[in-house]
Amino acid sequence: MEATGTDEVEKIKSKFMSAWHNMKYSWVLKTKTYFSRNSPVFLLGKCYHFKTDESGELSTDGSNFDKINMEISGNVEEFRKDFISRIWLTYREEFPQIKGSALTTDCGWGCTLRTGQMLLAQGLMLHFLGRAWVWPDALDIDNSDSESWTAHTVKKLTASFEASLTAERESKILSNHHQGTLKRNCDDSEMRNEVYHRKIISWFGDSPLAAFGLHQLIEYGKKSGKIAGDWYGPAVVAHILRKAVEEARDPELQGVTVYVAQDCTVYSSDVIDRQCSFMDSGKADTKAVIILVPVRLGGERTNMDYLEFVKGILSLEYCVGIIGGKPKQSYYFAGFQDDSLIYMDPHYCQSFVDVSIKDFPLESFHCPSPKKMSFKKMDPSCTIGFYCRTVQDFEKASEEITKMLKSSSKEKYPLFTFVKGHSRDYDFASSPLREENDLFSEDEKKRLKRFSTEEFVLL
């Protein structure tokens with residue numbers, strides 16, 4: 001009888017918290033974001049211009065007005081489509097109860113786990129879909145923030161811009177045979193991409209069986225002393241993600257591995273060893289690697305000297321974003337314009353979606369509008385992510401990033417470094433072999449404990 005009474009109290013408490021979270025987090029998508037038409041916008045290595053070339057000036061009689069504004073509108077729409085295509089993972093409620101707790105929501109405490117999921121999702125999208133992929137239905141998502149994307153005059157001409165594209169397509173009609181072949185190939189490619197699109201999202205579903213779902217990440221977090229309801233820092237999440245990918249059993253994921261830098265150092269031989277490790281499928285191919293680098297961009301506050309480096313990182317197509325935020329809130333940083341960072345906000349409470357059913361709705365996994373934040377407001381603790389498909393890609397990326405680090409570092413020491421050899425060559429404990437009952441080594445546990453005490457509190 002007493003247990004029944006306790007259950008009822010928990011249910012009432014859960015309903016009260018659900019109502020509170022709906023009120024508290026419903027404002028996130030209501031605020032408008034404005035973009036300058038005079039500066040380029042970068043999104044995970046892609047650059048968008050919301051204005052025409054210098055030579056494309058408006059004539060005094062306005063004869064080329066339509067053409068200029070249609071070009072701007074086209075760029076805006078391309079950016080919107082690219083941004084919305086990124087996978088957005090937010091607070092959820094009413095999902096299956098988390099093992100060892102009464103929690104059925106992560107509202108108020110799971111934001112860094114969500115931003116970590118978004119970064120990993122972008123890495124998997126690069127791996128399975130490529131950077132050029134965009135969701136065909138992206139612009140069908142209702143965008144209550146549309147006024148902020150472009151000036152009123154540009155918006156008015158969107159229809160004529162689309163009409164001009166239609167006219168251009170009609171003027172280049174292929175022969176029926178060629179067109180039919182092209183359509184079949186296109187359909188096959190789109191079908192394959194949609195299968196992977198859904199599969200990637202399903203890996204992040206809020207159920208105990210999802211490989212990178214909240215339930216699994218919390219289980220791995222327990223090994224570092226974390227439990228459901230605790231706050232997680234960017235570095236702790238980096239190690240949890242690595243362990244989650246290591247333990248993933250889906251055959252599709254056997255070609256991907258995650259490496260986490262040790263004390264701001266990436267040991268090249270350790271990375272290559274991971275890429276060349278035995279694959280369960282028996283293939284001789286190397287694995288793709290997602291490299292996660294936990295760093296601090298200053299002491300109490302973010303050092304503005306790091307701004308150009310962060311912008312440089314987000315300008316790289318193999319960058320998969322940054323797990324960061326501002327004090328008390330975690331965001332997924334994916335781009336920038338001028339001195340403002342573009343991010344996706346996980347602080348939006350949505351209902352649980354069962355990703356195990358066929359044709360589950362995708363809309364809530366794609367953000368309709370970006371947010372911007374001044375770089376100086378960014379909390380110094382963050383984790384930077386990169387994706388390298390091959391060993392050659394890793395070697396090229398390490399050279400490129402090293403040059404960037406040297407040019408941006410005004411002090412003697414760069415933010416992080418790439419060094420030759422293994423970590424064991426420098427008297428650090430090498431990456432432990434997987435143990436059945438202990439997912440983290442003693443060295444890793446100490447490092448994670450240090451990270452969790454140093455990093456900012458996330459609400």
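The protein chain exposes about 22400 Å², of which carbon and sulfur atoms supply 53%; accessible areas come from the Shrake-Rupley method with a 1.4 Å probe, and for residues only the protein chains shown count as cover. The model is predicted: local features need pLDDT of at least 70, side-chain atom pairs count only at pLDDT 80 or more, and totals for chains, interfaces and linings use all residues. Residues are numbered from 1 along each chain as its sequence is written, and side-chain values use heavy atoms, with hydrogens and water left out.

The secondary structure of the protein chain consists of twelve helices and 13 strands. These elements are DSSP runs numbered from the N terminus, with helices (H or I) of at least four residues and strands (E) of at least two. Of the 459 residues, 51% count as buried, where buried means under 20% relative accessible area, exposed over 50% and partly exposed in between, with a 1.4 Å probe and protein chains only. Among contacts (heavy atoms within 4.5 Å) between residues at least 6 apart in sequence, 77% join residues at least 24 apart.

Helix α7 spans residues 214–222, and its buried residues are Leu-214, His-215, Leu-217, Ile-218, Tyr-220 and Gly-221. The cover over the buried residues of α7 includes α3 (111–128) and α8 (234–247).

In a regular strand the side chains alternate between the two faces of the sheet. Strand β9 (residues 340–344) runs antiparallel to β11, and four bridges join the two; strands pair if DSSP finds at least two bridges between them. Tyr-343 has Lys-371 in β11 as its bridge partner.

His-422 lies in the loop between β13 (417–419) and α12 (442–454). Beyond its neighbours within four places in sequence, His-422 is in contact with Tyr-267, Ser-269, Asp-270 and Asp-273. His-422 and Ile-272 are 150 residues apart in sequence, yet their C-alpha atoms are 9.7 Å apart in space.

The structure holds zero disulfides, a disulfide being a pair of cysteine sulfur atoms within 2.5 Å.

| Residue | Relative accessible area | Class |
|---|---|---|
| Cys-107 | 6% | buried |
| Cys-111 | 0% | buried |
| His-422 | 15% | buried |
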